Amino acid sequence: MCKCDSEKDIYLPLPATVGKVKSMTKLESFFSCQLDSGEELGHMPGQFVEVSIPGIGEAPISVSSSPTRKGSFEMVIRNVGNVSEALHKLAAGDKLFIRGPFGTSFPVDEAMKGKDIIFVCGGIGIVPVRSAIQYVLDNRDDYGRVIILFGAKTPSDRLFIEELDKWREEKNVTFLETVDHRDESWSGPEGVITTLLPLVKIDKENTIAVACGPPIMYKFVIIVLLEAGLREDQIYLSLERRMKCGVGKCGHCQINNIYVCQDGPVFNFSDITDIKEAL
Amino acid sequence: MKIKKLDKAAFGKWVNSCIENQRVYGVQAKEDRFVFAPLVSAKDLRLDHDVTILPPKKYFLPPQETLLKFDRKEGFESVFDDEPFVLFGVHPYDMVAISQTDKLFAENHYDTHYFKRRQKATIVASDVQNASKDVFAGCMGTATVNDGFDILITKIDSYYLVDIRTKKGRALAKTIKDAEDADDMSLKLRKLVWADNTELLQKHKLHVRPEVLPRVLDRSYEHPVWEENAQRCYSCGSCNLVCPTCYCFDVRDDVEWNLQKGRRYRVWDGCLLAEFAAVAGGHNFRRNRADRYRHRYYRKGKYVPEKIGEVACVGCGRCITACTAKIANPVEVYNKLVDEGK
């Protein structure tokens, strides 16, 4: 029987304080937070934390900011469950509790280095990917071309509106976006996110694709990326599951033999093509 | 290694001395079945039991277990349970299951809540005297056990062999009186008990060695048996509930009446239950009953073995007995896959 590390409690959350709160859409709000210990969160882009409200519970939430931006970390929380509803009632100065960071990250320092990067973000999928986008932009010289594709359901579902505009104006970034259903406020393209892919030139030998969105998006995005000539191992995905414990014990996030909280949430597509429950 | 030979009276005295000195749980009758429960007298101990309704897992991973207490202003604090206790009458297959769970709670992230309790436990295992109606430990290699326990008891004729293996075992055995060292004859007879049990504990017979199951499952993902059996599945989770190797859990919060203080606790969960893989917002990643049903067999026969190198079914047969729909017999399911692949 292992007797290592016998006092550490893997389930104990640490206190943090809310800095800024901002409503982004009807359902989503933005939170910046800082650990009360004064330490950095120590995450890499793509990782998640377990966020606790005592008395309500704990939920897995992606970290949306890049570790290159020190001091605080940011999350965007969709109000869909008990914990997220309670989080939406928090204001600046309020306490919440954090475990993590957990899981794998986008390979910003490995496979992505020196390559053209194409980010494909569907709806709330932009939340974890934003961390990688910021990381890449903060180390811009380390990468080739940067292409960001963003698709939202409707114009009012768009997240990070000001940052989207910044990316659009950035000289060495190609930014394209679309909405599934337009309204009178929208003069941009209408259509699902895959309609944006033919509009960009992809250097198939030298590109890494990073995709995050609803389960249905992957099926179509992957087909288009493979048709564009990318190999399976040039595609990274972030998958959502019920990551309850974050430490590979409770069983809820399993995809066949894989624990998303440990082996994911970021996967190289070539590693999960044989995993039946993955997509 | 020290093996003592005790007659019935000496054995009873020893058990009672254990009860006087510490918290002891042991197998006892509950109507016509058996359970692990707090032991108050040696006369209630039933080492002739066939199988207990719930496995002894409940003492290491309690059905409900407080992990943390909290104060909404102060935050969280760990709660550990490390009061020593003794467990009397753990059958070999259940011992194997406990050793497997030890590995799973230690790998990658060490679960202090589990191990605080586990390290304070003294396990007195007991060789099976009566086979239950659905046991198949014999073909899973778990009818006998060689490690993991602190003491192993084997009943031979009218006396007990008490095999003391560990420091905790030696501490517990200190109060043994009127015992002699086991002689060669009784050790030979114990070997016969083990050989007999391997034969007798096979009320269902697996057609392959258990080590082959991961390979059988490799080619069985699309087999019709998952859909056929799942059509009769109530998604009740009884198979999960009684399983000695199931360890999935949910984590929940409980608030006191003052709405300030409370506790975070874990509670047994089951992968057959409909909402097991559902996320906030309503998407259920394992919505189909057949997918959940199949997942359980893959966990036992492939996924967990990939992690710890052992098949995570120990042949206790509890799921077979517990399943109202009569679809939970692992031997029937695995044999179907084996035979049709031949």
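Chain A exposes about 11500 Å² of surface, and carbon and sulfur atoms supply 50% of that area. Keep in mind as you look around that this is a predicted model.

**Chain A as a whole**

What is under that surface? Buried residues make up 56% of the 279 residues in chain A. As for its overall size, the C-alpha atoms fill a box of roughly 55 × 45 × 35 Å along the principal axes. A compact globule with 279 residues would have a radius of gyration near 19 Å, and chain A has 19 Å, so the two agree.

Now take the contacts between residues at least 6 apart in sequence: 69% of them join residues at least 24 apart.

**A helix in chain B**

Over in chain B, helix α1 covers residues 8–21. Its 14 residues reach 20 Å from the first C-alpha to the last, close to the 20 Å expected at 1.5 Å a residue. Which residues of α1(B) are buried? They are Ala10(B), Phe11(B), Gly12(B), Trp14(B), Val15(B), Ser17(B), Cys18(B) and Ile19(B). In an α-helix there are 3.6 residues a turn, so residues three or four places apart point the same way. The buried residues of α1(B) pack against several elements of chain B, including the strands β1 (2–7) and β2 (23–30) and the helix α5 (167–173).

Gln119(B) sits in helix α3, residues 112–119. Val242(B), on the other hand, belongs to the loop between α9 (238–241) and β11 (249–255). Is Val242(B) buried or exposed? It counts as buried, because its relative accessibility is 8% and the cut-off for buried is under 20%. Gln119(B) has a relative accessible area of 23%, so this residue is partly exposed.

Val242(B) touches residues from other parts of the sequence: Ile53(B), Leu54(B), Pro55(B), Arg318(B), Cys319(B) and Ala322(B), leaving out anything up to four places away.

Here is one C-alpha pair for each of these two residues:

| Pair | Apart along the chain | C-alpha to C-alpha |
|---|---|---|
| Gln119(B) and Phe85(B) | 34 residues | 9.8 Å |
| Val242(B) and Ile164(B) | 78 residues | 29 Å |

How values were computed
Residues numbered from 1 in each chain as written. Chains lettered and ligands numbered in written order. Predicted model: local features only at pLDDT ≥ 70, side-chain atom pairs only at ≥ 80, totals over all residues. Heavy atoms only, no water. Rg over C-alpha atoms; globule rule 2.2 N^0.38 Å. Buried < 20%, exposed > 50% of the residue type's maximum accessible area, 1.4 Å probe, protein only. Contact = heavy atoms within 4.5 Å. Areas by Shrake-Rupley, 256 points an atom, 1.4 Å probe, with all protein chains shown as cover. Helix = DSSP H or I, 4+ residues; strand = E, 2+ residues; numbered from the N terminus. Expected span 1.5 Å × (residues − 1).
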